[in-house]
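Student: I am new to this structure and would like a close look at one part of it. Please take me through that part slowly and then relate it to the rest.

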Amino acid sequence: MPDIEGLNEFGGDVIHACSYKSGEKFRGKKVLVVGYGYSGMEISLDLCNHNASPSMVVRSTVHFLPREIFGKSTFELAVMLMRWLPIWLVDKLLLLLAWILLGNIQKYGLKRPSMGPLQIKNTVEKTRVLDIGTLKKIRSGDIKVVPGIKRFSRGQVELVNGETLDIDAVVLATGYRSNVRSWLQEGEFFSKNGFPKAPFPNGWKGNAGLYAVGFSRRGLFGASCDAMRIAQDIGKVWKDETKEQKKRTTACHRRCISQF
């Protein structure tokens, strides 16, 4: 839960995205959705579908891509192209196709970063967002895109551009943080922020059989890389231990024979 000035004085419903179940309870209400990642986009769309009036806070740049390009998954297309082309060229092709299919999204308050969607994911771990129908609602005005928040007051929010909105509820789609350090009593593998100290792709193995999957901040790709390395390591350890156990068993048997 982020610390935003005046949030305690707001007076309306304030929940984190992890507690969001359905837009039904917000029917007919003005809802401020803070965040523009997958959670923020999907919650805003769901609120629309339940006849609420969402405003989505977009504080910085975001890569907004179509979910499919010419009938093929955008992610699948990107992976296929990267087999033959450098990542910077794949980025340019994806952005060109996104421009053709989605048009100019900047006029709706969705500004793109200067770095491409794949490069930015690998460099600063900032994910792109695939459209599942949210852009259509933004174009129609059913979802309003607003800039960053300055402060909350009773039943209102003041934005950084000076605009003030009357709102009934707030949904904080502000992401998650790792709480590993709160329950794992270990200080060598994980840093204070709850992530492995070693950077990707080396943050999957600790001491004494401790493994970590999905902490690379690289989505399913990172989790897949971790899982494959861990499976290979477990296989190697098992083979080594089995081989050593056979050696010990054979030696013991021979000793017994010599004693007789």
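In which helix is isoleucine 100 found?

Tutor: Isoleucine 100 is found in helix α3, which covers residues 87–102. Keep in mind that this is a predicted model. With a relative accessible area of 54%, isoleucine 100 is exposed, because exposed here means over 50%. Isoleucine 100 also belongs to a nonpolar surface patch of about 580 Å², made together with Phe70, Leu96, Trp99 and Leu101.

Glutamate 76 is instead partly exposed, at 44% relative accessible area. Glutamate 76 forms a salt bridge with lysine 72, and the closest N and O atoms are 3.7 Å apart. Lysine 72 is partly exposed as well, with a relative accessible area of 29%.

Side chains of opposite charge can pair when their charged atoms come close. A search of the whole structure finds 9 salt bridges. One of them joins glutamate 163 to lysine 144, with the closest N and O atoms 2.7 Å apart. Glutamate 163 lies in the loop between β10 (156–159) and β11 (164–166), and lysine 144 in strand β8 (residues 144–146), so this pair ties together parts that are 19 residues apart in sequence. Glutamate 163 is partly exposed at 28% relative accessible area, and lysine 144 is partly exposed at 35%.

Lysine 236 and aspartate 240 form another salt bridge, at 3.2 Å from N to O. Both residues lie in helix α7 (residues 219–259), 4 residues apart, which is about one turn of the helix. Lysine 236 is exposed, with a relative accessible area of 52%, while aspartate 240, at 38%, counts as partly exposed. Elsewhere, salt bridges link Glu5, Lys150, Arg151 and Glu158 in a network.

Last comes the confidence of the prediction. The mean pLDDT of the protein is 84, and 92% of its residues reach 70 or more. Where pLDDT is low, the predicted coordinates should not be read in detail.

Technical notes
Residues numbered from 1 in each chain as written. Predicted model: local features only at pLDDT ≥ 70, side-chain atom pairs only at ≥ 80, totals over all residues. Heavy atoms only, no water. Patch = residues over 30% accessible without salt bridge, like charges linked within 9 Å, V, L, I, M, F, W, Y side chains within 5 Å. Areas by Shrake-Rupley, 256 points an atom, 1.4 Å probe, with all protein chains shown as cover. Salt bridge = Lys/Arg side-chain N within 4 Å of Asp/Glu carboxyl O. Helix = DSSP H or I, 4+ residues; strand = E, 2+ residues; numbered from the N terminus. Buried < 20%, exposed > 50% of the residue type's maximum accessible area, 1.4 Å probe, protein only. pLDDT = per-residue confidence, 0-100.
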